[in-house]
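Please work through the exercises below with the structure at hand. Each task is followed by a solution in steps.

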Amino acid sequence: MNISSRNSLQMRGVAILFVCLHNLFHLVYTRIKECEFSFYPKRAAKALLFDSETPWNVFAHLCNYWGWYIVTTFIFLSGYGLVMKYEKKGKPLKWKPYFCRNYVKLLLLMFIPWALCFRDLFKPSALLQLTYTINFIKPDYIIPGVFWYFSLALQLYLLYLFFYHHRSNKWLLWASVPMIVMMAVFSLMPTSMLQTRVGHNFPYWLPVFLLGVWFARGGNDSAFMRMVERHRFVAILTFLVLWVVATLTRVLWAFAPLLAILLLIAIFHEHKSQKELPKPLAIVSKGFGNVFAWLGVLSPGIFVWHPVVRMYYAVAVDGSTANAYKTGNHVLVTVIYLAVSILLAVIYVPLYKKIVPKVMAWLKLDKA
């Protein structure tokens, strides 16, 4: 079982689409909220109460509660990609240039969109965001809120240094189990600011990241993954049911991110033995695959620009995005939001890719 470069782009494409939709819908459809950093029993109880909703509202409802789980794709692929880059290809890893390169790349990616959202760059919290320490201190003050991911990404890059030098699967297990246990304990407790802080940082997400490390190091050819490949349809159905149940169940909530990744792997992995689809279905499948792969290429740009579009669109409709949904066409608002986010990414991503090598050369990090 393998995840090809194309498969990983498709996974990123699907992920960024749902991330964008979730981040718009959870501001608009306030009746249903997600359980992202803590488990809220009342929110989980409402998750399956659709009442007499329209098909569009049901879709928005689903994205609202479950859409954020797709962010685990980026975390999993980060662990997977680091192993493929530094271990499989034998590229040397020196901690100082490694840290500097990753910090600079993250900063260059986020700075312009972040400055447009933050506006007042002289606030103390601006320094916290630029140093990616705000997740530990004031996670509620992150602007825009979705940029909490940048600090998490840098934390995981740094933690990889340890697992790069300690490659036994035992280390992956010993690091993951305590994190899962901690989150399971938190899920049984009343929600608190401590849980929010932990959820914004590596403890909650480390098991997903290390699952990517394990998968790249040979987990893809493990007996478990071979079984998933042999019984793909059953695996997809099983992981889907287990994931949904975990998202709604207090004692299983901590396992939901891992189950989400297993579901995505079962769906997107390279399945060499599968039969060819009938020609019409093959054309449709290839078409959607190309679209999602294209979105995957643009996913960094879409991620950093969609909160800007969301914010300025709210200003443009004179009030809030919610007003646009109450007085306008729900589908049209969403299409415009996605289209503008993608258009900005089409412009931004090629520029970013040109600027990064030049900045790295200027900082003498290009050969690090």
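Predicted model: local features only at pLDDT ≥ 70, side-chain atom pairs only at ≥ 80, totals over all residues.

**Exercise 1.** Classify the ring pair of Phe76 and Tyr80 and describe its setting.

*Solution.* A search of the whole structure finds 33 aromatic pairs. For Phe76 and Tyr80, the ring centres are 6.3 Å apart and the planes stand at 20°, so the pair is stacked; planes under 30 degrees apart receive this label. Next, consider the position in the chain: the two residues are 4 apart in helix H4 (residues 72-88), and about one helical turn therefore separates them. Finally, consider accessibility, where buried means under 20%. Phe76 has a relative accessible area of 0% and is buried; Tyr80, at 13%, also counts as buried.

**Exercise 2.** Classify the ring pair of Phe147 and Phe150.

*Solution.* The ring centres of Phe147 and Phe150 lie 5.0 Å apart. Their planes are at 75°, so the pair is edge-to-face, the label for angles over 60 degrees. Both Phe147 and Phe150 are buried.

**Exercise 3.** Identify the ring faces over which Arg43 and Lys138 lie.

*Solution.* Arg43 lies over the face of Tyr40, 3.9 Å from the ring centre. Lys138 lies over the face of Tyr141, at 5.1 Å from the ring centre.

**Exercise 4.** Describe the largest pocket by its volume and its lining.

*Solution.* The volume is about 1,300 Å³. The lining comprises 37 residues, and those nearest the pocket centre are Arg12, Ser78, Lys105, Tyr157 and Pro300. Helix H4 contributes the most to this lining, with 9 residues. By class, the lining holds 23 nonpolar, 8 polar and 6 charged residues.

Definitions and conventions
Residues numbered from 1 in each chain as written. Heavy atoms only, no water. Phe/Tyr/Trp six-rings, centres within 6.5 Å; stacked < 30°, edge-to-face > 60°. Buried < 20%, exposed > 50% of the residue type's maximum accessible area, 1.4 Å probe, protein only. Lys NZ or Arg CZ within 6 Å of the ring centre and 35° of its normal. 1 Å grid on protein atoms, 1.4 Å probe; cavity = no way out; pocket = protein on both sides within 12 Å on 5 of 7 lines; lining within 4 Å. Points joined across faces, edges and corners; volume = space filled by probe spheres on them. Nonpolar A, V, L, I, M, F, W, Y, C, P; charged D, E, K, R; others polar.
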